Amino acid sequence: MTSDKLSPMPKAERRLLYVLAGIQFTHTVDFMILMPIGPMLSRDLAIEMHQFGILVSSYTFAAAASGLLCALFIDRFERKRALLVLYSLFILATLACALAPGYWGLLAARCLAGAFGGVIGAIVSIVVGDQIPPERRGRAGGYLSASFAAATVAGVPLGLWLANHTGALTWRAPFVFVACISACFGLAAWKWLRPNPALALQAKAQGSLNGAWRAAWHRVRDVIQDPVHRWAMLLSCLLMYSAFSVIPYITIYATQNVHFPETMLPTMYLLGGTLTLFTSRWVGKKTDQWGKRKALMIFAPLTLIPILLVTHLGVVPAWAYLILSSAFFVMMNARMIPMMAMLNGAAKPEMRGTFMSLSASLQQGAMGLSTFVTGLIVSTNAAGDMVGYNYAGYIAVLGTAGAMWAASKVTQRG
């Protein structure tokens, strides 16, 4: 829709989006919290840079693997039931992170959390595609992106505060916090989410899982054979690879090279997240007004300068770094809103569940690969500075340019 007049969003849709945004909030905090507590983990568990990269990427690699399995079978299950089961398992996995005795235990727990958390994100996107009409999906994306901002504004700073003020719990405290609030949102989802009768009947009509592997692989094959689907998946993978070449190591670089005080990391996330929270809804509206591709082509290039600055900066005053990091967070979030709207619009309606799950799996794989590769590129020198982070910035710029090229090939189907 390119008109200045937008159809109003019904109350039932807003309530649905609030519940989905709450679920998105919790698994976003769970994924993000490991990155800002990187300096603490490095000290308490005596881990090196590449081990930290493995910790972060393990979550996304596990999410990619489970997303692929989800792509095979998600269209056979009613959405609400699948969401509640997987969300419950995610809560248990997050508690396991808090109880991990050391590095290897934490690594195993992060794999489990990623396996369930990554699939939850895919199902949330599927529900939006199923129940929100195309002309309001940009605004729906704004609601869900606002949950990312809320995770940055409230979840991550509170998690960092708990890590610094709970005595012996230290880095374990944020995981306890995530598990507790996830349980609250799980109850809200059980109460307020309504099953889709048509999808429930469709899932029931497909029969048991016995002998379903061939049909499942055929659905995946049909999704991949569609050229629009392939371009859309390439677009999302390149944007995710670009972002996560830089994001997981931003706090370590800030504290080691920029000399940004570790005690001010919560402030950095609070300020950046607050601005993102205010801009997400605006970006969503502009996506609906301008069109999805045009919005992406406007916002994606605007990320290039913040990317290069945060990966090349030397010692600067804390206030200057706060301005730069806030611009980075705002612009990285802005380009994700039209991207998600483009993915939903590119999917054939009868294949949306398989397509979105497969796309989420590939995105998680791209995130894990980029985090792992950057972990191999960067290191700490004798002076205690991180070296090689500038190359991560160059890779992120190339990934963004490639994503814009892929976006030009994606057409919308509804």
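## Close-up views of a predicted model

**View 1. The second largest pocket and its lining.** The second largest pocket has a volume of about 190 Å³, where a pocket is, on a 1 Å grid over the protein atoms alone, an open set of points with protein on both sides within 12 Å along at least five of seven lines. Of the 11 residues that line this pocket, A12, L16, Q131, W192 and R194 are the closest to its centre, lining residues being those with an atom within 4 Å of a point. Helix 1 (residues 11-32) provides the largest share of the lining, five residues; helices (H or I, at least four residues) are DSSP runs numbered from the N terminus. The volume is the space filled by probe spheres set on the grid points, which are joined across faces, edges and corners. This is a predicted model, in which local features need pLDDT of at least 70 and side-chain atom pairs count only at pLDDT 80 or more, whereas totals for chains, interfaces and linings use all residues. Residues are numbered from 1 along each chain as its sequence is written, and side-chain values use heavy atoms, with hydrogens and water left out.

**View 2. The second largest cavity.** Two cavities of 30 Å³ or more are counted, a cavity being a set of grid points where a 1.4 Å probe fits but cannot get out. The second largest cavity holds about 60 Å³ of space, and of the 11 residues lining this cavity, those closest to its centre are R79, K80, Q131, L193 and R194. Helix 4 (79-99) and helix 5 (103-131) each supply at least two residues of that lining, and helix 4 gives the most, with three residues.

**View 3. The salt bridge between D30 and R110.** The whole structure contains three salt bridges, each defined by a side-chain nitrogen of Lys or Arg within 4 Å of a carboxyl oxygen of Asp or Glu. In one of them, the side chains of D30 and R110 meet at 3.4 Å, N to O. Because D30 lies in helix 1 and R110 in helix 5, the pair ties together parts that are 80 residues apart in sequence. Both residues, D30 and R110, are buried; buried means under 20% relative accessible area, exposed over 50%, and partly exposed in between (1.4 Å probe, protein chains only).

View 4. D226 forms a salt bridge with K348, with the closest N and O atoms 3.4 Å apart. D226 lies in the loop between helix 9 (213-225) and helix 10 (227-244), and K348 in the loop between helix 15 (318-346) and helix 16, so this pair ties together parts that are 122 residues apart in sequence. D226 is buried, with a relative accessible area of 7%, whereas K348 is partly exposed, at 27%. Another salt bridge joins D222 to R221, the closest N and O atoms being 3.3 Å apart; here D222 is partly exposed, with a relative accessible area of 29%, and R221 also counts as partly exposed, at 40%.

View 5. F61, L369, F372 and L376 make a nonpolar surface patch of about 360 Å². Such a patch is made of residues with over 30% relative accessible area and no salt bridge, with nonpolar side chains (Val, Leu, Ile, Met, Phe, Trp, Tyr) joined within 5 Å, and accessible areas come from the Shrake-Rupley method with a 1.4 Å probe. Helix 16 (residues 352-377) contributes the largest share of the patch, three residues. L376 is found in helix 16 and is exposed, with a relative accessible area of 56%.

**View 6. Cysteines without a disulfide.** A search of the whole structure finds zero disulfides, a disulfide being a pair of cysteine sulfur atoms within 2.5 Å. C180 is in no disulfide, and the nearest cysteine sulfur, that of C184, is 7.5 Å away, too far for a bond. C180 is partly exposed, with a relative accessible area of 46%, while C184 is exposed, at 51%. Another cysteine, C70, lies in helix 3 (residues 49-73) and counts as buried, at 9% relative accessibility. C70 and I123 are 53 residues apart in sequence, and their C-alpha atoms are 9.1 Å apart in space.

**View 7. L169 in a loop.** L169 lies in the loop between helix 6 (137-165) and helix 7 (173-192) and is partly exposed, with a relative accessible area of 39%. The C-alpha atoms of L169 and L99 are separated by 9.8 Å, although the two residues are 70 residues apart along the chain.

Definitions and conventions: Patch = residues over 30% accessible without salt bridge, like charges linked within 9 Å, V, L, I, M, F, W, Y side chains within 5 Å.
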